[in-house]
Amino acid sequence: MKKLFQNMRLQSKITLTHMIIATVPILLLAVLFAGTLYDMIVSDTIRKEQESSADIIPVINAAINEVYLVEDELNDYLYAITDSLPDSQLNLNPLENGTVMELLEDKLSGLASIPNIQSIHFYLEGEDSGFYTDTLSSLFQPYSRIRGTYWHGIFAGSSVSSLLCPGFYLGPQEREDFGDLAYITKQSVTYHGGIRTLYTAVYFSEHYLDTLLQENITLNRSAAYLINERDSIAATSNTALSSTYLFDYATIQDSFQSSNNFIQRTILGETVYAGFYSIKNTDWYMVVVLPGNSLVERSLLLMFRIVAIYLGSMVFAFLLATFLAKSITRRISTVINQMQQVKKGLPVPLPPQSIHDEVGDLIDTYNYMTAKLNQLIQEQTQAAEDLRIAEFNSLQAQINPHFLYNTMDMINWLAQQGKTDQVTTAVRSLSRFYKLTLSRKNSISTIAQEIEHVTIYVDLQNMRFHHSIDFVVDIPDELMEYHIPKLTLQPVVENSILHGIQEKEDKSGTILITGWVENQNIILLISDDGVGIAPDILDKILTGEGESRTGTNIAVYNTHRRLQIFYGPEYGLSYFSEPGKGTEVQITIPAQKDEEVRPMANSSLSPKRTVPVIKVSELQDSPSVVLPGTLLFYNQKPSKETGTYHIQNIHQISEKLPTDENIYILAHEVTEDFPPHNHSYFEISYLLKGEVLNVIDGTEIYMAEGDMTILNRKAVQSLKYLHKDALLINLCLKPQFFEKTLKPFCEDHSLLSDFFQNRVSVRQNYLFFPLCHRSKAQSLLFSIIQEYANSGFHQTYALEADFLLFFDYLTELDEYSYYGTDQKAFRIIQYIRENCLTSSYQEIARHFGYQEDALSSYIKLQTGKSALSIIQEVRLEKAVHLLSDARINLYQIGEMCGFSSSDEFFQLFRKNYGFTPEEYRKQFF
């Protein structure tokens, strides 16, 4: 240690001395107080929060008690003005007297003017009351308005006589018209000689309580909320934080009874401190949650201030030490500082010195050394660059003759066989191959050009090996403009053919090239299903030492070395292989692109066209037969938000299609009645939006959004206008459409194959499918339309395959009808969708005068789906809407939507949407 200090520079010795003097006291203080700092801050913050809560609780108690007093005063006044005895049931008959009702109105006006009270209303059981008039409707509200509300269900299902209701207990109309929160009492009254139930509702402000809770917050990201025994939040300082830090009622009661202080808990991996305060005369508790992270931040802030003061002291000590050192050794420090610049770049000489003492001689020597060092560095840099270029050119030169030798060998073999035509083709391909290679002077190409290059190579090899190699390229268009060194893919593909596929017994196989961007690098993966590579050979293949049974792996090794020389050691080739199954070669290069480079105009790799979309604009002369007429042509650009096309984009098309096509896809706006007609083709009609009356063979079929019909050539059809926005998508298929890819499907026996072949099993000339905008159905329809447009409105194998998938989906769906929805069924289904959340299925059946089983059979006959499946669809739609409200937990949502259990809710939601309700809430909210 002594020797180290003696060898230290003078400036460092002085600086170190000052730093020790400034550092030691601070470090001692940090050791003494760092351990208790966090506890001090936690204790202080909890104390402040308790003081704040102690001030706010009486205010909340007073606000709630004020609501109770209003209700008591109102009840006493009702007994007084109706001359009812306090111990007897309240008699409402006197209220029909106008004078008495005016007294009640005046009393209600006075009570409603009290701050925090928003309105007061009565709900009398039965709809035959004389109170429901235009004059008195502001006091007595129709009893039907509260059916289906959460608080009415609680009263109906329990013996409670009063209820303090959070906001979501109330119906939407209540919250909009009357108030956010309510205190509701239930009592039996006499009216017109009968006993009825009267609900008295005092509505008050949730915003007032929210404001009080927000004023109680003393720490960032902390939350305060009021919660009742049903785990419902009545008021909150922050909706999102309250949902995150939600404690169940049982935990609150246990913690409140066991301790009046804050408790520590872990929620979602975060430590929080929670305090609980009872609200008098209610089942409500106020919960205050302090997140540990905020307390840590407060601790860190204090520590940061301490460290800032400490660093200020250190800077001052350092500046003082530097000033003292420079005042003693200024010229020596100048030389030292200048020499330290070598760490950042080339050494720079000092100005010539006029003083020739020891320090002056040192500076002259330093300047001489700097000049010589700069000269040596320049010479070394130039030599290294020349060596890199020479090595790169040398490695590239080894690859070109390797491919040329194999190709000429193949041409020689063809010539010996007398296959002159193939020799001509091979020579032309080889000429094109080398024209692509040699016409570009630099050593860099693009991925698009390399793909074309290797495609020609595989074509030449297929001529040699009897077309036994399937070559597939699946690289996104956006990667095609990125840079890659020339002759990178060809040696790897050559290895896959010669040492992989050709060593199989049948000497045939597939090579697949895929690519993607990963961490600002381009990853190209070349896969083959050849014989694979043994582990001992695989370990040596990129070292330059490995050999195969047919020769060395020098080309692959050279390719790997070229990439490393060009980009660095972290780039190059990686081999993965399993003997007997195949080999994968991963090529990693940096993602570099020159904006000047573009795919060749005649290449199939050019960017995809935007999707043309269509609609019928005029009819043929004959009103009895509708054929595709003039089509308007329009290029619909993708959505800016998602970058994708949707089936809703279909509108506006021009330009006639060829008359000899076997398929047409048209969008038909039903803005007026359409005359009866039949078709020379099969027609699939999907109602994208609106409503329409589709009359087929005299049967009226009411179609809503998502419904679909399939008509054969015998069907006589007309359309009747119902909705101004009605839009049908018509897929018109001639019988010849089924003669290729779909022929085996039609020869099989299924619902749709029998329909298209007009077999005896077909009952009607049409089929009705209530798809109800199923996501998979829309996805398949969009694929069909996009392929149709991309293929230039022609029939393709891909289009036929899309139709095959769609037909298979409809067959498996098993939700169809031979009759379709008539007017009555249409009305019943709409009623079910509108009322199934507030009315039971038994009540719905009785409303239409049906037994439950009879109504289910009728709906099944008309739509092909059960009433239960329709109700489940509505419940799931309602659940999706409620999931956007973070104050309602998942189990309450399941209960509010009518599911028998939380398990049923979770299973059906996951089955229909592909993820759980919790995952949906996290993903979208």
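This is a predicted model: local features need pLDDT of at least 70, side-chain atom pairs count only at pLDDT 80 or more; totals for chains, interfaces and linings use all residues.
Author: The protein has 26 helices and 31 strands, and 47% of its 925 residues count as buried.

Reader: Okay, let's start inside. Which residues touch the most other members of the largest nonpolar core?

Author: Those are Ile60, Leu95, Leu209, Leu226 and Met286, in a core of 54 residues. Helix 2 (residues 10-81) gives the most to this core, with 14 residues. Another core, of 48 residues, lies apart from it, and Met463, Leu489, Tyr567 and Tyr575 are among its members.

Reader: What does Leu226 touch, not counting residues up to four places away in sequence?

Author: Quite a list: Ile60, Leu209, Leu213, Ser232, Ile233, Ala234, Ala235, Ile279, Trp284, Tyr285 and Met286.

Reader: Then there's Asn61, in helix 2. Why is Asn61 called buried?

Author: Its relative accessible area is 13%. Buried means under 20%, so Asn61 qualifies.

Reader: And what makes the pairing of the Asn61 side chain with the backbone nitrogen of Lys280 a polar contact?

Author: A polar atom of the Asn61 side chain lies 3.0 Å from that nitrogen, and the cut-off for such a pair is 3.5 Å. Leaving aside neighbours within four places in sequence, Asn61 is in contact with Ser278, Ile279 and Lys280.

Reader: Moving outwards, how do you know that Leu268 is exposed?

Author: Leu268 has 76% relative accessibility. Exposed means over 50%, so Leu268 counts as exposed. Leu268 lies in the loop between strand 9 (263-267) and strand 10 (270-278).

Reader: What is worth a look in the backbone of Leu268?

Author: Its phi is near 50°, a positive value in a residue other than glycine. Most residues other than glycine have a negative phi. Asn519 also has a positive phi, near 55°, and Asn519 sits in the loop between strand 15 (509-518) and strand 16 (521-528).

Reader: Why does Asn519 count as exposed?

Author: Its relative accessibility is 70%, and exposed means over 50%, so Asn519 counts as exposed.

Reader: On to charges. What makes Asp177 and Arg145 a salt bridge?

Author: Their closest N and O atoms are 3.1 Å apart, and the limit is 4 Å. The pair links distant parts of the chain, 32 residues apart: Asp177 is in helix 5 (residues 172-177), while Arg145 is in the loop between strand 3 (140-141) and helix 4 (150-157). A search of the whole structure finds 15 salt bridges.

Reader: Why is Asp177 called partly exposed?

Author: Asp177 has a relative accessible area of 39%.

Reader: What makes Glu877 and Arg833 a salt bridge?

Author: The N to O distance between their side chains is 2.9 Å, and the cut-off is 4 Å. Glu877 is in helix 23 (residues 867-882) and Arg833 in helix 20 (residues 823-835), 44 residues apart. Glu877 is partly exposed at 43%, and Arg833 is partly exposed at 29%.

Terms used
Residues are numbered from 1 along each chain as its sequence is written. Side-chain values use heavy atoms; hydrogens and water are left out. A nonpolar core is a set of buried Ala, Val, Leu, Ile, Met, Phe, Trp, Tyr and Cys residues joined through side-chain atoms within 4.5 Å. Buried means under 20% relative accessible area, exposed over 50%, partly exposed in between (1.4 Å probe, protein chains only). Helices (H or I, at least four residues) and strands (E, at least two) are DSSP runs, numbered from the N terminus. Contact means heavy atoms within 4.5 Å. A polar contact is a pair of N or O atoms within 3.5 Å; within protein, one must be able to donate a hydrogen and the other to accept it, and residues adjacent in sequence count only if both atoms are side-chain atoms.
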